[in-house]
Amino acid sequence: MNRQAQAVVLFLVGGAVLRAGSTDLYLRYVKAGLRPLLLVAGAVLIVAAVATVWYEFRRPRGEQRPGDHEDGHGHGHGHGHGQSHSHGHGHVHRESWISWLLVLPLFALILVAPPALGSYSAVRTGTALQAPWGFPALPSGDPLKLSVDDYAGRAAFDHGRSLKGRKVTITGFIALDRGGAPYLTRMILNCCAADAQPIKVGLTGRTPPVLQPDTWLEITGTYSSRRTKDPVNDGVIPFIDVSRAKPVPAPRDQYESPE
């Protein structure tokens with residue numbers, strides 16, 4: 001690619017990053033706290049694209065860039081595959097169009113918003129539940145609203161001590177294992193969707209008679225001492241004793257971050 005083409009690609013990449021960062025689209029790719037970095041990165045790419053074009057227009061005509069060579073017969077040779085070069089005979093070899101295929105993923109990012117990872121990924125990945133460093137005191141209120149990760153960590157590793165006698169509410173999507181057992185699930189991000197892993201909570205008690213994968217539910221219930229092992233990695237999956245299950249729309253941010 002020549003400098004102008006590189007500037008176009010830089011501008012498109014920067015524009016796509018800015019568009020994602022200025023809307024909720026970025027939540028499909030990275031955790032919420034990374035939004036400022038995305039906006040800065042997009043702005044830097046656009047500035048670099050504008051600077052490249054400005055430099056090219058300011059460059060005197062006929063001035064050679066570093067790496068260009070000309071022989072005594074007036075032939076300009078471009079080295080490497082896909083670069084353009086001209087000859088004194090008055091014809092120009094066009095640059096390879098294949099390099100423009102790099103732009104296609106950008107249009108996919110701009111025009112198509114990929115769905116957040118759901119039950120298909122969750123049932124094929126082992127639970128990421130890990131013992132937390134500690135268990136901070138819970139606020140008052142009934143029911144107590146907790147993340148799936150927080151409830152699962154307290155139920156599995158604190159043996160429910162901080163949950164006993166409390167009614168809690170957690171929200172997630174349904175994932176069914178190969179045997180049809182339902183789990184309320186949330187995908188956890190450390191950085192971006194590429195490292196997303198599920199946290200699963202088993203359901204017992206007054207569960208709905210029909211549960212469809214990827215249905216979002218708000219579960220209200222109490223701590224259950226029941227446990228099972230994740231069939232994928234043998235990780236612990238705690239349960240919640242359901243007293244009420246209410247369908248809800250998917251949240252704005254469908255991922256959680258580790259507590």
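User: In the predicted model, how many of the 10 residues of helix α5 (residues 148-157) are buried?

Analyst: This is a predicted model, in which local features need pLDDT of at least 70, side-chain atom pairs count only at pLDDT 80 or more, and totals for chains, interfaces and linings use all residues. Residues are numbered from 1 along each chain as its sequence is written, and side-chain values use heavy atoms, with hydrogens and water left out. Helices are DSSP runs of H or I with at least four residues, strands are runs of E with at least two, and both are numbered from the N terminus. Buried means under 20% relative accessible area (1.4 Å probe, protein chains only); helix α5 is mostly covered, and its buried count is 9.

User: Which strands do the buried residues of α5 pack against?

Analyst: The buried residues of α5 include Asp 149, Tyr 151 and Arg 154. Contact means heavy atoms within 4.5 Å. The partners of the buried residues are β4 (167-176), β5, β6, β7 (216-229), β8 and β9 (255-256).

User: Which residue just after α5 takes a positive phi?

Analyst: The phi in question is about 55°. The residue that takes this phi, just after α5, is His 159.

User: What is the bridge partner of Thr 185 in β6?

Analyst: Two strands pair if DSSP finds at least two bridges between them. Strand β5 (residues 182-188) and strand β6 (residues 197-205) run antiparallel and are joined by 6 bridges. In β6, the partner of Thr 185 is Lys 200.

User: In which sense, parallel or antiparallel, do β6 and strand β8 (residues 236-247) pair?

Analyst: In β8, Val 242 is the bridge partner of Gly 205. β6 and β8 pair over 4 bridges, and the sense is parallel.

User: Are α1 and α2 roughly parallel or roughly antiparallel to each other?

Analyst: The axes are lines fitted to C-alpha atoms over the stretch in contact, with angles from 0 to 180 degrees between N-to-C directions. Helix α1 (residues 3-22) and helix α2 (residues 35-58) have axes that come within 8 Å and cross at roughly 160°. Angles under 35 degrees count as roughly parallel, over 145 as roughly antiparallel, 65 to 115 as roughly perpendicular and the rest as oblique. The two helices, α1 and α2, are therefore roughly antiparallel.

User: How many helices and strands does the protein chain have?

Analyst: Along the sequence the pattern is α-α-β-β-α-α-β-α-β-β-β-β-β-β. The secondary structure of the protein chain comes to 5 helices and 9 strands.

Terms used
Buried means under 20% relative accessible area, exposed over 50%, partly exposed in between (1.4 Å probe, protein chains only).
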